[in-house]
Amino acid sequence: MTNSNYIVSARKYRPASWSTVVGQEALTHTLKSAIDSERLAHAYLFCGPRGVGKTTCARIFAKTINCLTPTADGEACNECELCRAFNEQRSYNITELDAASNNSVDDIRSINEQVRIPPQTGRYRVFIIDEVHMLTTAAFNAFLKTLEEPPEYAIFILATTEKQKVIPTILSRCQIYDFQRITVPDIVKQLQHICEEEHIEAEPAALNVIAQKADGGMRDALSIFDQVTASCEGHITYRGAIENLNVLDYDYYFKLVEAFIAGDVPQALLIFRDIREKGFDAQFFINGLGQHVRDLMVAKTPQTHSLLEMNEEVAQMYVSQAARVTPRFLYQSIELCSNCDLNYRNSTSKQLLVELTLIKMCQIMNPLPQDQPTQQPQALKKVVAPQAQPQQPAPVQQQAQAQAQAQQATTAPRPVYTRAPQVSTTGRILVNATPAATQPPKDPAQPSAPAPEAPGADPVGQSFSDDQLREAWNGYIMANPNEHVIVNTMRQATPKRVNDTTYEIEVQNPSQVEFLNDAMARILSHLRAAVKNESLAINVKVSDKGPAPHTWTPREIAEDMQKRNPKFAQFIKDFELGLA
């Protein structure tokens, strides 16, 4: 048999006085002070998330300013005729309009006409317009004049969840009050009070789950509370709350972190399988895991324990587990969860994406052997230079060096082009480049390698010779053949020492200066590592002596390329190409 007298908690326990408003102490204090000092504005704007008490405070405000005998602490007496009329919803001094469904110009005109009628009893007529951002632009404009110059007995209270949608001309005519989300402890405290009034037993952990699920809204919390109460038969347990609300138990997250600490990949994957079999969405799970790791990060430092919005027993569990993980694990785990959430929607294999994230989290505190750095004696670290590529066997390496030297000695100097020729769709060669001076022949007297550093010497700031710098200079040229403009410019420029660590090179035009300066960070990184001196600096300037380089015509460039590359000449002949 149904109880016809049942009233949902959101209505039954709706605040009727300032003292019963939850989580808005600073704001209610300001409004009470304004009433006590009789410094009332003609228009207010209450804005904030849903379910935090905007319309409720508007009604309390309207009742209090009309009360004939207010109490000493600024509350309505609830005994005078005006208070009783308000409580029984028969007061003509308060008019409410839901702008979500009454947002036209005609609705606002009706309000404007009612404003002209003074109150029959009491001092003020209060007009509460809920969801005011839903008014049309024409309705806003029709409301402006009345809002700006209302009668002295008229007070407007506008409520909205989206302040940014209210036009600026309305905002400028109102006193704006921002309502905050209600904290989890405040919601839990109110739910405990309701449980005492209703003679309901509830575990603190269960009320904490309800408060977190409400996301800062008291009305949502009361609705969820009624839902859980209906299924728990007067005794609200943590297990019953999470099953009813389809909330993932935090025990799963604690077990997962234990698997991460142990580096137990199979256990982590099995826990994820159990979660999926219970019907939880993988993205919901990964977001919850990220929140759990965030709470561990907060619990790791005593100064931030207050940021844990949970009861003391659960908070101690987080503190205990946080002490067993490193900050590096926490930061990298949060990043992995965030990246997984961002890539989840576009992933073609969502389960694999989440499983890969779990595997990576297992390896943070237990890296694979190949991920660990190789330990070397300290003396060898300072003597042996880092290798950019794997070492070749000694005979093969010596043979490759001999072949490279022979080829370099027999190859004629090549001209430098600032742009490679292109072939158009019409079959014509499109060239527009200016050759620079040819590469000077390599000095055979150059040493093949710098002298080895003495063991124990500091690699930063080591002295070096001009020959060592030239060897490093040519090494960059050989290692970066694809940077055509840069290496060709470097071939024709020779560094000249200015002081111990500063060199200078001269190029032929400002464009080459710009190219080299753009690449100077990479060049210096290579040179400094080669000569073991971080103070090395190179200045680039345009040469002020010597004739300007010959400007080659496109035909000259094409002919020169055909002479040097027979395959290119045969390509032009086969396809009957010509110059553009």
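**Exercise 1: a glutamine side chain**

Gln468 has a relative accessibility of 17%, so Gln468 counts as buried, given that buried means under 20%. The model is a predicted one.

Task: Find the helix that holds Gln468 and the backbone atom that lies 2.8 Å from a polar atom of its side chain.

Solution. Step 1: Gln468 belongs to helix H20, which spans residues 466–479. Step 2: The backbone atom is the nitrogen of Ser465, 2.8 Å from a polar side-chain atom of Gln468.

**Exercise 2: the second largest pocket**

Task: State the volume of the second largest pocket and describe its lining by residue, element and class.

Solution. Step 1: The second largest pocket holds about 870 Å³ of space. Step 2: Its lining has 32 residues, and Gln212, Lys213, Val247, Gln291 and Asp295 lie nearest the centre. Step 3: Helices H8, H9, H12, H14 and H15 each give two or more residues to this lining. The most come from H14, with seven residues. Step 4: By class, the lining has 17 nonpolar, nine polar and six charged residues.

**Exercise 3: positive phi**

Task: Locate Asn78 and Lys532, and decide whether Asn78 and Lys532 are buried, partly exposed or exposed.

Solution. Step 1: Most residues other than glycine have a negative phi. Step 2: Asn78 has a positive phi of about 65°, and Lys532 one of about 60°. Step 3: Asn78 is in the loop between helices H3 and H4; Lys532 is in the loop between helix H22 and strand S12. Step 4: At a relative accessible area of 34%, Asn78 is partly exposed. At 19%, Lys532 is buried.

Terms used: Residues are numbered from 1 along each chain as its sequence is written. This is a predicted model: local features need pLDDT of at least 70, side-chain atom pairs count only at pLDDT 80 or more; totals for chains, interfaces and linings use all residues. Side-chain values use heavy atoms; hydrogens and water are left out. Helices (H or I, at least four residues) and strands (E, at least two) are DSSP runs, numbered from the N terminus. Buried means under 20% relative accessible area, exposed over 50%, partly exposed in between (1.4 Å probe, protein chains only). A polar contact is a pair of N or O atoms within 3.5 Å; within protein, one must be able to donate a hydrogen and the other to accept it, and residues adjacent in sequence count only if both atoms are side-chain atoms. On a 1 Å grid over the protein atoms alone, a cavity is a set of points where a 1.4 Å probe fits but cannot get out, and a pocket is an open set with protein on both sides within 12 Å along at least five of seven lines; lining residues have an atom within 4 Å of a point. Grid points are joined across faces, edges and corners, and a volume is the space filled by probe spheres set on the points. Ala, Val, Leu, Ile, Met, Phe, Trp, Tyr, Cys and Pro count as nonpolar, Asp, Glu, Lys and Arg as charged, and the others, Gly among them, as polar.
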